[in-house]
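Subject: Structure handover

Hello,

Please find the structure below. My notes on what was found in it follow.

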Amino acid sequence: MDMFLYIDKDTFLHRLDPRTKLAVMFGSFVIALLFESLPILLALAVIILLYGHSGKVLSNLKRIRVILFMIGLMSIVIWSITRGGETKLLGPITLEGIIYGITVGIKFNVMIISGMIFLSSTTIEGISLGLVKLKVPYRGAFAFSTAIRLVPMIVATSYTITQAQRSRGLDLDSGSFIQRIKKYVPLIIPTFVSVIRSTNVFSMALESKGFGYDKERTYYMELSFRSVDYVILIITLLLILVSIYAKITFKL
Amino acid sequence: MGKAVSIENLTFRYKDQKNGNAIENINLDIDEGQFVVIMGPSGAGKSTLANCLNGLIPHFIRGEYSGQVLINGMNTKEYPVSKMAKEIGLVFQDFESQLFSTNTKLEIAFGPENFKFERAEIEKRIKEVLKTVQLEGFEDRQPPTLSGGQKQRLAIGSVLASKPKIICMDEPTTDLDPIGKMGIFTIAKELHQEGSLTLIIIEHETEEALYADRLIIMEEGHILRDGDPEEILTDVELMDRIGIMPLQIPKYFSKVSSLESHELPLTPEKGLEKFNSLKLEIDDKEYINIINEDLEREKNYGDVLIEVKGLEHTYPNGKTALKGVNLTIREGEFLAILGHNGSGKTTLVKHFNGLLLPTKGQVIVGGKDTKESSIFEIGKLVGYAFQNPDHQIFADTVYEEVAFSPKIRGYSETEIEERVREALKAVDMEGFEKEDPFSLTKGQRQRIAVASILSARPKVIILDEPTTGLDFKEQRQMMELIRQLNEKGHTIVMITHTMWVVSEYAHKVAVVNDGKVVLYGSTRDVFKKEEELLKTYLKTPHIVSFSNKLGKTLLSVDEMIRCTKGV
């Protein structure tokens, strides 16, 4: 079980400054949230996928494929029934509804994929150093990066615990909805206990290594904002501006 | 030389502690440059003492605190932990939770960064530290991908990098294989020889305590003995009484000779000299008897319960953990599975109850291919107790915890009651039914975890590291319990690092190395091959090495005494 989302490779994407990658991520969020047009969102999805492909980190999407699929499916099902529209297909289902469902599904998936690409290509230290350079206090930046670190740790722990309880006969696949929820109690309690214990050791270890010794600290890692970073940053900014302009003028 | 540590009348009681104090009236001075080992049974207050040294107590862990601790003259009560960290580095037992960086270099840099060292200086220290902890070439590895021993060495390195004058390690070797343990102690010894570093190690491996300048024995919050390791370790009676594993060689000689305790040899090499000078001999007839008893036991095994044929397993991430394993486990066997951290032994046993399925080859349990069965079905035959009892305990009461498995299988109320009673009796925990499992000690929780497996009445019981984190007395109790289960007819498969446990309890041994079973046979036959074991990072207990030097393989002090002539 891999603990980190980060995939250690030496690519164009990995060498970008974390601040640039952060900007690209936020840019994609803004554009995705602005539009409800299928062609524009599809174009955005292609750009983001190409961007992720340049860093060879798209393999991480396999880990969240169920989530991505479920979001797409739920969105299509819900909107095709409830959206309404001109072209009735079957009962309450309309063509406009289906298209809208697909659009909204892509909108959310693009944001998730964009976030995933950021986390897969940036080290935790890079993220917190990037935030520090953006004038976020070190403690805050460290807390943020720790939260990211915690997620895979909880996943790994719950995986072990699930195995332990299944070995004792816990069968998660059968029973009614309520019965199934009850079955999660033997998983949730040990997970909480273990996570609380290890975060406790973690915070003691931090203090014992001098965390908070002084307001200032040095950084072994170096960030360099190179010309390619400026180029990407400018492109991102331009895309955002064009999008806002288009949104206002053409009401897309 | 100055005093590195000076403790006066230190008493501490945890906020939620029911009775007594965790440590009481401790007075202790440690000189600069000393190498001190602290030993004692669980609950003796060793970790409490360690946490007092850098101020985690009273700043981080609350309770009633009195007395004072001076570290290089600084009172820990007056400075925050992060300031004390520059003077004293603390390494914790749980190495998984103290490593948090993306790669080895950044992990080592974390401390010096906090102390505002220049980047060039940090770079230099990373190089030095990697060399000291023998992790050169691992600069860019992600810590989770390292083996247990490497992780613990990195944890030590990350503390060393800030160059504190004192380092305290709290049970650094508990989860490690024998060679991993030795690696840690070799590093400790080298650090100590290099210069003025003061080293304090809390440990329960007696064989390793021999390296120290000074040994402190703690019991019930007090310092019981304080002095020369050789002198204390030869006091076999004291070790036995307070529940620290006595060294096997002096224990043996104290039984077969009338040597004064200071004359007792400590190591296998010294033992051999003594054996010859005392004109002791091996009783060949008795040795043959022992061998015949082994053969007799093997003849009485029942049907084949688990059969593993050409088993290969490749994880979804592409890593091949098993590369063709063949094993046959028969009813009544007691099999120990050995191998260093990361050798594939856990992957192997997870195939025995269907948690993992072969990607190639076959595993047949009770006559059925695991691919055509389910964990729920196999679970009736094979019970699996995981390494950490806290990964499975969830109920409010011990009764509910143990009743979980029979309940889920739909047995009647009376049947469940009967099974819980039987399981708690087997683990010697009757009368604890209404207790909250989380309030029990680690040893007791381990027993509850085993009981909750037993309540399903499985024929085969798999135990992953059942003695880790327990002190010697608790380890003994746990192993006696497992022995009784085995004698009642349960087949036991046990993963462990603790070599004396294997030597005294297991009938058969399978050594896994790099995804293959490299040594497989009766414990006696396998432990005869000391050099081959060493190649797979395993080391036989002292008494076995000693008997091997005499040309026979004897597995316990008792067996050795039985085979000694000329007393």
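**Notes on the model**

Among the contacts in chain A between residues at least 6 apart in sequence, 72% join residues at least 24 apart, where two residues are in contact if their C-beta atoms, placed from the backbone, lie within 7 Å. In chain B, residues 24 or more positions apart account for 68% of the contacts with a separation of 6 or more.

This is a predicted model, in which local features need pLDDT of at least 70 and side-chain atom pairs count only at pLDDT 80 or more, while totals for chains, interfaces and linings use all residues. Residues are numbered from 1 along each chain as its sequence is written, and chains are lettered from A and ligands numbered from 1 in the order in which they are written.

The model scores ipTM 0.83 and pTM 0.85. Chain B averages a pLDDT of 91, and 100% of its residues score at least 70; pLDDT is the predictor's confidence in each residue, from 0 to 100.

**Chain A**

Chain A has 10 helices and two strands. Helices (H or I, at least four residues) and strands (E, at least two) are DSSP runs, numbered from the N terminus. Along the sequence the pattern is α-α-α-α-β-β-α-α-α-α-α-α. The C-alpha trace of chain A spans about 65 × 60 × 30 Å along its principal axes. Of its 252 residues, 33% count as buried. A residue is buried if 20 or more other C-beta atoms lie within 10 Å of its own, exposed if 12 or fewer, and partly exposed in between, with C-beta atoms placed from the backbone.

An unreviewed UniProt entry lists residues 22–52, 64–82, 97–119, 140–164, 184–206 and 227–246 of chain A under "transmembrane region". UniProt positions are given in the numbering used here, feature names are shortened, and annotations may be inferred rather than shown by experiment. Two of these spans can be set against the model. Residues 97–119 of chain A are 100% helix and 0% strand, with end C-alpha atoms 33 Å apart. Residues 227–246 of chain A are likewise 100% helix and 0% strand, and there the end C-alpha atoms lie 28 Å apart.

Val231(A) lies in helix H10 (residues 227–250) of chain A. Val231(A) is exposed, because 11 other C-beta atoms lie within 10 Å. Its C-alpha atom is separated by 27 Å from that of Leu61(A), 170 residues away along the chain.

Helix H6 (residues 124–133) of chain A is mostly covered, with eight of its 10 residues buried. The buried residues of H6(A) are Ile124(A), Glu125(A), Gly126(A), Ile127(A), Ser128(A), Leu129(A), Gly130(A) and Leu131(A). What covers them includes helix H2 (18–34) and helix H7 (138–167) of chain A, together with H5 of chain B. Just after H6(A), Lys135(A) takes a positive phi of about 75°.

**Where the chains meet**

The contact between the chains involves 55 residues of chain B and 45 residues of chain A. On the chain B side, the largest share, six residues, comes from helix H5 (residues 104–114) of chain B. The residues of that side divide into 26 nonpolar, 19 polar and 10 charged. Here Ala, Val, Leu, Ile, Met, Phe, Trp, Tyr, Cys and Pro count as nonpolar, Asp, Glu, Lys and Arg as charged, and the others, Gly among them, as polar.

**Chain B**

Chain B has 24 helices and 22 strands. Its radius of gyration is 25 Å, close to the 24 Å that the globule rule gives for 567 residues, so chain B is as compact as a globular protein of that length. The radius is taken over C-alpha atoms, and the rule is 2.2 Å times the number of residues to the power 0.38. Buried residues make up 52% of the 567 residues in chain B.

Chain B is divided into domain 1 (3–245), domain 2 (291–381 + 461–470 + 491–552) and domain 3 (382–457), with bounds from an automatic or database domain assignment. The centres of domain 1 and domain 2 of chain B, taken over C-alpha atoms, are separated by 34 Å. Between these two domains of chain B, 11 residues of domain 1 are in contact with 11 residues of domain 2. H8(B) gives the most to the domain 1 side, with three residues.

Ala44(B) is placed in the loop between strand E3 (35–39) and helix H1 (46–53) of chain B. Ala44(B) is buried, because 26 other C-beta atoms lie within 10 Å. Leaving aside neighbours within four places in sequence, Ala44(B) is in contact with Met218(B), Glu219(B) and Glu220(B). The C-alpha atoms of Ala44(B) and Glu220(B), 176 residues apart along the chain, are separated by 4.4 Å.

Regards
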